[in-house]
Amino acid sequence: MWSNIRSAEVLLIQLVSDEEAAGRASEVMALVKDHLDADDPRRVRLALRLGPIISCDITPSDRDLMARALDAAYSSLDDELARVRSLRNILWAGTFLVLLGAMSLAVYGAISPTSLSLCFSPGNSSEVNKVDVVCPTAEFKGMPKHTDPSWLADPTDILTIEIAGLIGAALTVIASLRRIRGTDSPYMLPLASAVLKFPTGALTAFLGLLLIRGAFVPGLSDLDSRAQVLAWAAAFGAAQHLVTRLVDSRAQETLSEVGRTTDAVIDPETVAVKEGPAAPAPAGSPNGAGPHKEPHGNGKNGEPAPDGAPAHRRSGA
């Protein structure tokens with residue numbers, strides 16, 4: 001998305017007057033510091049020449065340096081946004097698949113309610129040789145003792161459980177909104193992460209009650225009322241946060257990597273150590289500016305690199 005902006009900015013640096021280029025030098029340096037590593041040769045060289053450039057002591061090589069550093073910063077920004085876009089697409093695809101699974105369960109439960117029955121038989125009937133049966137949509141009192149609860153399952157039982165799970169998931173989404181931070185990224189990654197919670201809550205509600213009915217949870221094999229069934233469905237729907245919080249953490253981490261400042265921006269002393277003082281322009285050159293001082297050592301493709309720093313190039317440069 002930044003290709004047009006990048007081309008225009010790089011061309012502008014080459015064409016504007018010395019005064020305008022000097023005025024834009026600080027903006028270029030800020031963008032470079034946001035998106036290039038502290039030991040990147042272009043960032044170090046631009047920092048060394050920033051003082052003379054701001055003072056309008058600009059040489060053609062300075063313009064070329066500013067243009068290459070700006071192009072590399074935009075390329076790095078493209079890479080960062082590509083990671084955000086990729087994760088956003090994965091989340092939307094995952095949401096669609098989970099929603100498809102929840103809808104398929106509801107349809108299958110409507111077609112064959114006895115095969116995925118969520119009815120319970122607590123065995124607390126007040127009548128002799130009678131049992132009560134509790135389902136998500138109804139309660140049956142005084143049924144024959146040997147009644148199979150699955151026979152009384154309703155086609156809308158699973159749909160009812162999934163709706164209760166959606167309600168529980170909605171509560172966790174509302175609670176998580178207080179931790180969502182705004183972002184200038186063009187991709188709505190926090191929204192994609194939040195929407196994923198709803199179909200996930202529907203599935204966890206169904207799975208949780210299925211585990212209870214299978215006596216997987218000791219002491220909870222028989223629920224006593226329809227209200228208990230729905231309450232546990234909502235609780236399991238809210239419990240989807242135990243899984244989706246990992247997705248939330250990954251989304252926030254990916255967003256924080258866009259324009260993350262390095263230690264050279266945060267710590268001025270590190271700037272002085274890694275980037276050194278600004279290089280003075282040698283006397284006797286046109287306009288008082290000559291070939292600018294380069295850091296010792298050569299980097300990749302013949303580009304100078306700072307002492308002890310690897311000739312590291314970010315992708316897209």
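Student: Which residues does Ile53 touch, not counting residues up to four places away in sequence?

Tutor: Ile53 touches Ala22, Ala25, Leu46, Ile58, Asp62 and Met66, where contact means heavy atoms within 4.5 Å. This is a predicted model, in which local features need pLDDT of at least 70 and side-chain atom pairs count only at pLDDT 80 or more, while totals for chains, interfaces and linings use all residues. Residues are numbered from 1 along each chain as its sequence is written, and side-chain values use heavy atoms, with hydrogens and water left out.

Student: What makes a set of residues a nonpolar core?

Tutor: The term is used for buried Ala, Val, Leu, Ile, Met, Phe, Trp, Tyr and Cys residues that are joined through side-chain atoms within 4.5 Å. The largest such core here has 30 residues, and Ile53 is among those with the most contacts inside it, together with Val28, Val32, Leu46, Met66, Leu91 and Leu189. Two or more residues of this core come from each of α2 (18-35), α3 (41-54), α4 (60-111) and α6, and the largest share, twelve residues, comes from α4. A second, separate core has 15 residues, including Leu118, Val134, Ile161 and Phe206.

Student: Why is α5 called oblique to α6?

Tutor: Helix α5 (residues 157-176) and helix α6 (residues 189-213) pack at an angle of about 135°, with their axes 7 Å apart. That angle makes α5 oblique to α6, because angles under 35 degrees count as roughly parallel, over 145 as roughly antiparallel, 65 to 115 as roughly perpendicular and the rest as oblique. The angle runs from 0 to 180 degrees between N-to-C directions, and the axes are lines fitted to C-alpha atoms over the stretch in contact.

Student: What is the crossing of α5 and α6, left-handed or right-handed?

Tutor: α5 passes α6 in a right-handed crossing, the term for a near helix turned clockwise from the far one by less than a right angle, with anticlockwise giving left-handed. The residues of α5 in this contact include Ile161, Leu166 and Val173, and those of α6 include Phe198, Ala202 and Phe206. By class, the contact of α5 with α6 has 13 nonpolar, four polar and two charged residues; Ala, Val, Leu, Ile, Met, Phe, Trp, Tyr, Cys and Pro count as nonpolar, Asp, Glu, Lys and Arg as charged, and the others, Gly among them, as polar.

Student: Why are α4 and α6 called roughly parallel to each other?

Tutor: Their axes come within 9 Å and cross at roughly 25°, an angle that falls in the range for roughly parallel, and the two helices are therefore described that way. α4 passes α6 in a left-handed crossing. Among the residues that make this contact are Leu87, Leu91 and Val98 of α4 and Leu189, Leu196 and Phe206 of α6, and by class it has 16 nonpolar, five polar and one charged residues.

Student: How do you know that Arg245 is partly exposed?

Tutor: The relative accessible area of Arg245 is 44%, so Arg245 is partly exposed: buried means under 20%, exposed means over 50%, and partly exposed lies in between, with a 1.4 Å probe and protein chains only. Arg245 is found in helix α8 (residues 241-256). Arg245 and Lys197 are 48 residues apart in sequence and 9.4 Å apart in space, C-alpha to C-alpha.

Student: How many helices and strands does the chain have?

Tutor: The chain has ten helices and two strands, taken as DSSP runs of H or I with at least four residues for helices and of E with at least two for strands. Buried residues make up 43% of the 317 residues in the chain.
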